[in-house]
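Please read the following briefing alongside the sequence and the coordinates.

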Amino acid sequence: MSYFITGTDTGVGKTLVSCALLYGFAAQGKSVVGMKPVAAGCGDDDQNEDVMQLRAASNVLASKGQINPYCFAQAVAPHLAAQFVGINISFGRILESFEELNAQADIVIVEGAGGFRVPLNACQDSADLAAQLGLPVVLVVGMRLGCLNHALLTVEAIATRGLTLAGWVANAPDADGTTRRCEASGAGVPSDRLLPQTAGYAITSDLVSVVGSPSRMASSSTSNVSKADMPMLDGNIAALQQRIHAPLLGVIPHQAQPDAREVASLLNLALLEQTELHD
Ligand SMILES: Nc1ncnc2c1ncn2[C@@H]1O[C@H](COP(=O)(O)OP(=O)(O)OP(=O)(O)O)[C@@H](O)[C@H]1O
Ligand SMILES: [Mg+2]
């Protein structure tokens with residue numbers, strides 16, 4: 001089963017989670033490859049950071065053209081970056097590359113560009129691409145102010161297209177600000193529902209039931225995990241758990257130096273397999 005990875009915004013951790021999924025599935029003995037159909041923002045060497053990370057996390061060697069059919073120099077909205085160089089992003093070419101990858105690997109992890117409704121050409125967007133690929137979607141929620149609205153609208157847009165939301169991930173990409181915002185909003189989880197601090201943050205009983213046991217989460221490296229923004233995480237995660245009817249695959253606290261291999265141990269891939277069985 002392959003997955004389309006979307007996020008509540010750009011810069012929320014889609015690449016980090018995509019790579020973690022690749023490492024996680026590879027550790028289960030699966031052949032895996034990452035795909036970034038459209039990348040905007042390449043260095044002078046014509047390399048895109050996302051594509052390089054996805055390639056490094058893949059154990060199937062595919063060509064750059066298959067992994068990343070469209071790469072544009074400018075780090076702007078993809079349809080504008082394409083327009084700037086007189087190119088029209090064609091879904092046909094992307095679907096062809098996906099099929100080639102799908103034939104080579106057990107699992108293809110397709111990372112979308114930006115958020116779910118980012119335009120890709122004059123009349124199609126990233127959501128249309130997910131629909132044409134027909135893949136179950138994993139939503140990465142960047143746990144920052146505004147994320148509840150962005151997450152719920154994205155969940156709605158996924159459902160509207162008849163796609164399966166296979167799961168979502170709560171990721172905390174910001175080093176600070178999160179706690180202050182949370183406290184200001186009064187969000188939080190009643191203290192009697194907080195379990196002891198594990199892996200650097202308080203895990204609620206709800207979290208344990210959906211994500212897995214605290215010991216499993218604690219088994220990941222905790223050395224560079226920030227403890228600063230945890231109350232925000234609890235309050236917002238609880239709000240989303242009440243409203244998103246798909247499994248929370250994991251919570252990724254802010255880390256000084258995020259490492260996708262370590263993040264893989266925070267994701268409960270068995271929950272994705274359960275979705276597969278139900279479909
Ligand atoms: N939990 C985290 N802790 C610390 N840094 C993080 C965390 N998650 C993501 N980051 C950092 O935030 C930045 C954006 O993450 P990432 O590239 O995965 O986002 P993205 O959604 O893929 O962005 P894009 O829309 O550009 O593809 C990266 O520098 C990444 O290392
Ligand atoms: Mg990315």
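**Helix and sheet**

Helix α1 (residues 14–27) lies across β1 (3–7), β2, β5 (107–111), β6 (137–142) and β7, running at about 175° to β5. Here helices (H or I, at least four residues) and strands (E, at least two) are DSSP runs numbered from the N terminus, contact requires C-beta atoms, placed from the backbone, within 7 Å, and angles run from 0 to 180 degrees between N-to-C directions of axes fitted to C-alpha atoms, for helices over the stretch in contact. This is a predicted model, in which local features need pLDDT of at least 70 and side-chain atom pairs count only at pLDDT 80 or more, while totals for chains, interfaces and linings use all residues. Residues are numbered from 1 along each chain as its sequence is written, and chains are lettered from A and ligands numbered from 1 in the order in which they are written.

- Six strands form an open sheet with parallel pairing (at least two DSSP bridges between two strands), in the order β2-β5-β1-β6-β7-β10.
- At the edges of this sheet are β2 (32–35) and β10 (248–252), each of which pairs on one side only.
- Strand β7 (residues 165–171) runs parallel to β10 and is joined to it by four bridges, and Trp 168 has Leu 248 in β10 as its bridge partner.

**Ligand 1**

- Ligand 1 is surrounded by 17 residues (C-beta atom, placed from the backbone, within 6 Å), and the closest are Thr 10, Gly 13, Lys 14, Thr 15 and Leu 16.
- Helix α1 gives the most to this shell, with three residues.

**Asp 46**

- Asp 46, in the loop between β3 (38–40) and α2 (49–57), has a positive phi of about 65° although it is not a glycine.

Key: Two residues are in contact if their C-beta atoms, placed from the backbone, lie within 7 Å.
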